[in-house]
Amino acid sequence: MNDRRDRGSDRDDAAVAAREVARHCASYREPVRRLALWQVTNTLLPYLALCSLMLCASAMGYGLLVLPFAVPAGGLLVRLFIIQHDCGHGSFLPSRGANDWLGRALSILTVTPYDSWKRAHALHHGSTGDLSRRGTGDVHTLTVREYLALSRWGRLRYRLYRNPLILIVLGSPLNFLVLQRFPSGVGLPWRTALRDVLALDIALAAVLAAFALTVGGIEPVLWVFLPVISVAAWIGGWLFYVQHQYEETVWEDAEDWDFHRAALGGSSYYVLPRVLQWFTGNVGLHHVHHLNSRIPNYRLQECLDGHALLGQVGRLTLRDSFRCLGLALWDEDARKLVGFSRLRTLQAA
């Protein structure tokens, strides 16, 4: 009883602190048109130039030689995805219409249907850390008790799903290249997503066909398109994984869930080298983003620097983040994410 009372007190204190930090964050939510346009310029132009160079070289028969360039191109595509992501939150540009116009235009490059992703991602923000509302825009996570209640086949399927090779290496490109080509693959009812997904698929087919006609075949186009999308998907999949899949994250039952506490305590602060933070559009400052999704990515660092607590909670270094790969289950008693090895300890006890 005392443990439960103490836990409830800790939750209340954390919620109060999170709301105080959220008030600080609110002062950074206004977009700055000059910074937004500069970010589009310093990302889109290098990306198009690099892809054009790769396409020309591939058309001349140097397909293998262009593969290393897929790494920086993929990094730039991740940065373009972050811009599209901000447009979906209505935070990148001052005008709502301009955000939507830019987001839909960028979706042809990111191969992600803008309006459907925008709706699904809003559900993710409204339910992060709530055990009763898992399943939309998150990495599927079971509790220890839920896992132990599964059949042998159910446990095997979950272990396969949580294997990093399947979840990230295979799953991330599969999601962007294949699953998002179908209305059922974007996490929404198919009737809701049908028009958006079909419109993007038609646009992608037209763009790829135009490039194929220009360079004399589809093969040179695929030598550029597939590697660049795959690299961006791997980076994006990894970032999405570590944003909420770390040991000290927060999951609560519906009656104990609090939006601000889940945002601050359940979203990581991924401390990356400056160049990687640039390519990933500050998305590693994910706890700030979840506290106030209207803050543009180009103001997240400014917001973090303005409050001491934001630089202390949820910190993950690059080295720390690799340890997250072994986590797979939410331990209801220990209140943290654990690996499958934890089951042996529990069963022995």
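**Exercise 1.** How much space lies in the largest cavity? Work out what surrounds that space, too.

*Solution.* Keep in mind that this is a predicted model.

Step 1: Start with the count, which comes to two cavities of 30 Å³ or more.

Step 2: The largest cavity holds about 130 Å³ of space.

Step 3: The lining has 18 residues, and the closest to the centre are His124, Thr128, Asp138, His244 and Trp251. H6 and helix H11 (218-244) are the elements that give two or more residues to this lining.

Step 4: Sort the lining by class, and you get four nonpolar, ten polar and four charged residues.

**Exercise 2.** Which helix supplies the largest share of the lining of the second largest cavity?

*Solution.* Step 1: This cavity has a volume of about 50 Å³.

Step 1: Find its lining residues, including Ile82, His85, Asp86, His286 and His289.

Step 2: Helix H4 (70-88) and helix H14 (286-291) each supply at least two of the lining residues. H4 takes the largest share, with three residues.

Step 3: By class, the lining of the second largest cavity has four nonpolar, six polar and one charged residues.

**Exercise 3.** How do helices H5 and H6 cross, and which residues make the contact?

*Solution.* Step 1: The axes of H5 (residues 96-110) and H6 (residues 114-127) come within 9 Å and cross at roughly 110°.

Step 1: Angles of 65 to 115 degrees count as roughly perpendicular, so H5 is roughly perpendicular to H6.

Step 2: On the H5 side, the contact is made by Asn99, Asp100, Gly103, Arg104 and Ser107; on the H6 side, by Tyr114, Asp115 and Lys118.

Step 3: Those contact residues divide into one nonpolar, three polar and four charged.

Methods
Residues numbered from 1 in each chain as written. Predicted model: local features only at pLDDT ≥ 70, side-chain atom pairs only at ≥ 80, totals over all residues. Heavy atoms only, no water. Axes fitted to C-alpha atoms, helices over the stretch in contact; angles between N-to-C directions. Helix = DSSP H or I, 4+ residues; strand = E, 2+ residues; numbered from the N terminus. Parallel < 35°, antiparallel > 145°, perpendicular 65-115°, else oblique. Contact = heavy atoms within 4.5 Å. Nonpolar A, V, L, I, M, F, W, Y, C, P; charged D, E, K, R; others polar. 1 Å grid on protein atoms, 1.4 Å probe; cavity = no way out; pocket = protein on both sides within 12 Å on 5 of 7 lines; lining within 4 Å. Points joined across faces, edges and corners; volume = space filled by probe spheres on them.
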